[in-house]
Amino acid sequence: MRRRLAILGSWGLCLLAGAAINVLVAWGFALWDGMVYERIEHDPGEAMILMSGYRAPADWNIRTLVEQRGLGTHNVMITEMVWAGSTLAAMEGSRNRSVVVYEHGWPMRSLRVRGAHDSRATGDGLVRLWRSGIVLNDGSGNAYPVVLPVRPMPIGFAANTLLLGGVVWLVGVVGVGPFALRRVHRRRGGRCEACGYDLDGLDTCPECGSDA
Ligand SMILES: [Zn+2]
């Protein structure tokens with residue numbers, strides 16, 4: 001019983017560690033500018049928008065689609081604003097509605113921000129923390145927005161947590177890892193596990209004195 005509890009406990013701890021690493025990795029990609037692909041589409045067609053994985057309501061007058069992809073990152077912005085060469089510009093008389101989606105994580109994207117903007121909505125702008133994440137830089141001025149997402153994407157979050165928790169379990173509990181592999185390699189080669197010296201059949205290592 002006690003042993004079973006200990007095993008369950010170690011599994012739980014590994015999963016918790018996996019979840020924590022998962023969050024840190026996703027935030028790392030949010031902070032790291034690893035974009036490898038960016039496209040800005042003017043007056044994007046329906047097919048173009050669907051390719052980004054998101055769609056805005058049909059009554060929107062969509063003028064710009066901005067999509068960025070990179071390792072651990074997928075950002076999409078669908079907006080009624082226009083692209084003015086280097087930045088988005090609001091249109092007079094328009095509600096300038098936008099939806100912004102930032103997704104980060106590795107190997108699957110696991111945390112997301114999904115923010116909406118409507119210049120005529122009351123209490124405009126910031127949605128709850130759950131949706132909008134921890135905003136380190138809101139992108140005003142010329143800086144690129146930096147937001148740490150807090151909202152899990154169910155499948156990606158579960159998959160990453162299981163995978164990373166499994167790695168923690170293998171390294172921390174089973175003892176698989178570079179050092180453990182090196183010990184096995186040395187033992188098979190008839191060398192000292194501690195220092196790698198050729199034992200030549202001896203029981204005690206002549207180099208470092210450890211028992212073979
Ligand atoms: Zn040795």
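User: In β2, which residue is the bridge partner of Glu38?

Analyst: This is a predicted model. Start with the strands: β1 and β2 run antiparallel, and seven bridges join them. Glu38 has its bridge partner in β2, and that partner is Gln68.

User: Which strands are the edge strands of the sheet?

Analyst: Six strands form an open sheet, with antiparallel pairing. Their order is β1-β2-β3-β6-β7-β10. An edge strand here pairs on one side only, and that holds for β1 (35–42) and β10 (151–152).

User: Which strands of the sheet does α1 touch?

Analyst: Helix α1 packs on the sheet. Its direction makes about 125° with that of β6. The strands touched by α1 are β3, β6 and β7.

User: Which element supplies the largest share of the largest nonpolar core?

Analyst: The largest nonpolar core has 16 residues. Among its members, Ala26, Ala30, Met77 and Ile78 touch the most others. At least two residues each come from α1 (2–31), β2 (64–70), β3 (73–79), β6 (98–104) and β7 (111–117). The largest share, five residues, comes from α1.

User: Leaving aside neighbours within four places in sequence, which residues is Ile78 in contact with?

Analyst: Ile78 is one of the core residues that touch the most other members. Set aside its neighbours within four places in sequence. The contacts of Ile78 are then Ile49, Tyr54, Ala56, Ile62, Leu65, Ser98 and Val99.

User: Is the crossing of α1 and α4 left-handed or right-handed?

Analyst: Look at where the helices meet. The α1 side includes Ser10, Cys14 and Leu15. The α4 side includes Phe157, Asn160 and Trp169. As α1 passes α4, the crossing is right-handed.

User: How far apart in space are Ile134 and Val147, C-alpha to C-alpha?

Analyst: Ile134 is in strand β8 (residues 134–137). Beyond its neighbours within four places in sequence, Ile134 is in contact with Val147, Leu148 and Val150. Ile134 and Val147 are 13 residues apart in sequence. Their C-alpha distance in space is 5.5 Å.

User: Why does Ile134 count as partly exposed?

Analyst: A buried residue needs 20 or more C-beta neighbours within 10 Å, and an exposed one has 12 or fewer. Ile134 counts as partly exposed because its number of C-beta neighbours inside 10 Å is 13.

Key. Residues numbered from 1 in each chain as written. Predicted model: local features only at pLDDT ≥ 70, side-chain atom pairs only at ≥ 80, totals over all residues. Helix = DSSP H or I, 4+ residues; strand = E, 2+ residues; numbered from the N terminus. Contact = placed C-beta atoms within 7 Å. Core = buried A, V, L, I, M, F, W, Y, C linked by C-beta atoms within 7 Å. Pairing = 2+ DSSP bridges. Axes fitted to C-alpha atoms, helices over the stretch in contact; angles between N-to-C directions. Left-handed = near helix turned anticlockwise from the far one by under 90°.
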